[in-house]
Amino acid sequence: MVKPTDWIPSLWVETFEELQDDDNELDYGDEWTLNFNYTLTDKLTTEQRRRGWRVFCYHAHGHFKCTSCKKIWPSAQVTVLFHYRLRGGRGTVIMRPFGQACRSCQNNTFYLPGFYKEEVEKALLRLCAKIRKNCYRDEDVDDDGGSVSPKVWTKPHEKTLCEACRMGICCQDDE
């Protein structure tokens with residue numbers, strides 16, 4: 001059985017494909033794919049920008065599990081980074097989830113997050129809205145101007161345990 005603490009790339013790929021096929025989120029006749037790069041950063045080179053790449057950073061609700069002490073914790077501040085572009089009728093999305101370290105172990109190991117399907121859909125719908133706006137020039141009626149999900153957390157963000165914060169690209173810094 002899949003647990004919400006398991007990092008499952010196929011959940012993201014399958015949900016992205018469902019949004020294209022069933023919900024027609026990017027129904028413009030172009031083919032879109034979702035891939036992963038676990039070294040992705042929020043910086044684009046001049047060449048990448050020239051080739052049409054864009055960046056979208058999102059805060060998602062996820063769950064983590066420490067493999068050392070088996071502690072499980074939820075987080076409303078999981079940074080998920082996307083690079084995307086449309087070129088020659090083909091759209092490409094590259095994604096990276098950022099991990100968090102265990103407060104109990106403090107072993108500097110970052111664990112990848114697990115997500116419920118509903119949270120994956122929510123993140124990908126926001127991504128699709130950004131793609132429609134930036135690649136197809138659609139008016140984004142749902143765009144509130146932000147790139148993060150609404151704040152509902154109660155605990156402070158622990159920057160020392162956040163991989164994205166340590167790399168200087170946490171969405172938390174945008175707020």
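Q: Which side chains does a polar contact of 2.8 Å join?

A: A polar contact is a pair of N or O atoms within 3.5 Å; within protein, one must be able to donate a hydrogen and the other to accept it, and residues adjacent in sequence count only if both atoms are side-chain atoms. Here the side chains of Arg132 and Glu25 are joined by such a contact, at 2.8 Å. The model is predicted, and local features need pLDDT of at least 70, side-chain atom pairs count only at pLDDT 80 or more, while totals for chains, interfaces and linings use all residues. Residues are numbered from 1 along each chain as its sequence is written, and side-chain values use heavy atoms, with hydrogens and water left out.

Q: Where in the chain are Arg132 and Glu25 found?

A: Helices (H or I, at least four residues) and strands (E, at least two) are DSSP runs, numbered from the N terminus. Arg132 belongs to helix α3, residues 117-135, whereas Glu25 is in the loop between α1 and β1.

Q: Is Arg132 buried or exposed?

A: Buried means under 20% relative accessible area, exposed over 50%, and partly exposed in between (1.4 Å probe, protein chains only). Arg132 is buried because its relative accessible area is 18%. Glu25, at 18% relative accessibility, likewise counts as buried.

Q: Which residues does Glu25 touch, not counting residues up to four places away in sequence?

A: Contact means heavy atoms within 4.5 Å. Leaving out residues up to four places away in sequence, Glu25 touches Leu19, Leu125, Cys128 and Arg132.

Q: How much space lies in the second largest pocket?

A: Rolling a probe the size of a water molecule over the atoms shows where empty space is left. On a 1 Å grid over the protein atoms alone, where a 1.4 Å probe fits, a pocket is an open set of points with protein on both sides within 12 Å along at least five of seven lines; lining residues have an atom within 4 Å of a point. Grid points are joined across faces, edges and corners, and a volume is the space filled by probe spheres set on the points. The second largest pocket holds about 180 Å³ of space. It is lined by 13 residues, of which Gln20, Asp30, Glu31, Trp32 and Thr33 are the closest to its centre. The elements giving two or more residues to this lining are α1 (9-21) and β1 (31-36).

Q: How many residues of each class does that lining have?

A: Ala, Val, Leu, Ile, Met, Phe, Trp, Tyr, Cys and Pro count as nonpolar, Asp, Glu, Lys and Arg as charged, and the others, Gly among them, as polar. The lining has six nonpolar, three polar and four charged residues.

Q: What does Val78 touch, not counting residues up to four places away in sequence?

A: Val78 is in strand β3, residues 72-87, and is buried at 1% relative accessibility. Among the residues it touches, with those up to four places away in sequence left out, are Tyr58, His61, Phe64, Phe98 and Phe115. The C-alpha atoms of Val78 and Cys162 are separated by 8.4 Å, although these residues are 84 apart along the chain.

Q: How many helices and strands does the chain have?

A: There are four helices and six strands, running α-β-α-β-β-β-β-β-α-α from the N terminus on. Of the 175 residues in the chain, 45% are buried.
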